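Thanks for coming. I will go through one structure today, starting with its salt bridges and then moving to a strand residue and a surface patch. Please have a look at it first.

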Amino acid sequence: MRPGHAARVFACVALTAWLALSPISARGAAQAQERWKNSSELSFVRTGGNAASSTFGISTTVTRSWERTELKIEAGGIRTRTTRFERIAVGTESDYRVEEKSDSEVSAENYHARIRADRRFSQRTSVFVQSGWTRNTFSGIRHRVVNVAGVSTRWLDRERQRLRTAYGFTHTVQKDVVPDPDDSGRFLGLRLSTEFWLKVTGNAEWSSNLVVDGNGNDRSDVRADWTNSLSVTMNEHLGLKTSLRTTFDNQPALARLPLRSREGEETGTVLARREKLDRVFTVALVVSF
């Protein structure tokens, strides 16, 4: 992303958040001084020996609520580095030495950041603005910025159960690792999302969030992001969380593949679509305050 474009996106996010928060009364702001909440997730897995890999993931969510306004900021990422070993024997069958070479590379990574402001104007209905950034080079996405403006409806808001849906217009700017010659990377679209939360037991809760995006220029270009999570609270500040995130892109980004003849000789490259479906399963320690 060019610095000038990044600055414009940041300015747009800051302006929309300020506009959403500005109507708050002095009394409401005074009552909200202690309403900042933070929840961070940490995960790390490392293997060694004959094979080596390490996976590190971190995400954080910061929220603040006023009398009629909510602000939510999210950021996080996951990165996996894999080391491959090649061992050869040098010498004779009865007298040899073992030599080892290793090659380490990043085998998976994705990052995201989002900010959203909701302003409630009735018991069930709110207007919202949101801006989000994504980077997932292994899915072919170098940068994707999606700005959303829309309306959300609370269908359930109980002590043990909540359900909210949202509908909005989107503006997407995307830059792929391998550019698509037939796509400008900028388009308007529509978004539909649902957020469901359920208190399963006294210390366990389940959430399911689904986001579906459509491209206004191409009806077949549909994306979906579905995350299901089960959280268990251990004490006031610590918990464990398992999540399965499934993403679908009906028109995934392009990949440049080497082209070989039937005899095995390389004859050039071709552009082909990547896989439509990606899944990420995580187990994380949750720290809240």
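R154 and E70 form a salt bridge, with 2.8 Å between the closest N and O atoms. By salt bridge I mean a side-chain nitrogen of Lys or Arg within 4 Å of a carboxyl oxygen of Asp or Glu. R154 sits in strand β6 (residues 141–157) and E70 in strand β3 (residues 69–91), so this pair ties together parts that are 84 residues apart in sequence. Strands here are DSSP runs of E, at least two residues long, numbered from the N terminus.

Before I go on, this is a predicted model: local features need pLDDT of at least 70, side-chain atom pairs count only at pLDDT 80 or more, and totals for chains, interfaces and linings use all residues. Residues are numbered from 1 along each chain as its sequence is written, and side-chain values use heavy atoms, with hydrogens and water left out.

Back to the pair. R154 is buried, at a relative accessible area of 18%, while E70 is partly exposed at 31%. The cut-offs are under 20% relative accessible area for buried, over 50% for exposed, and partly exposed in between, with a 1.4 Å probe and protein chains only.

How many salt bridges does a search of the whole structure find? The number is 18. One of them joins the side chains of R191 and D213, at 2.7 Å from N to O. R191 belongs to strand β8 (residues 186–199) and D213 to strand β9, so parts 22 residues apart in sequence are tied together. Both of these residues are buried. There is also a network, in which salt bridges with shared partners join R116, D118, R164 and E195.

E195 comes up again with N209. N209 is in strand β9, which covers residues 204–215, and is partly exposed at 32%. Beyond its neighbours within four places in sequence, N209 has contacts (heavy atoms within 4.5 Å) that include E195, F196 and W226.

Last, the surface. L42, F44, F56, I58, M234, L238, L240 and L285 make a nonpolar patch of about 710 Å². Patch residues have over 30% relative accessible area and no salt bridge, and nonpolar side chains (Val, Leu, Ile, Met, Phe, Trp, Tyr) are joined within 5 Å, like charges within 9 Å. Areas come from the Shrake-Rupley method with a 1.4 Å probe; for residues, only the protein chains shown count as cover. L240, in strand β11, is partly exposed at 44%.

Technical notes:
Helices (H or I, at least four residues) and strands (E, at least two) are DSSP runs, numbered from the N terminus.
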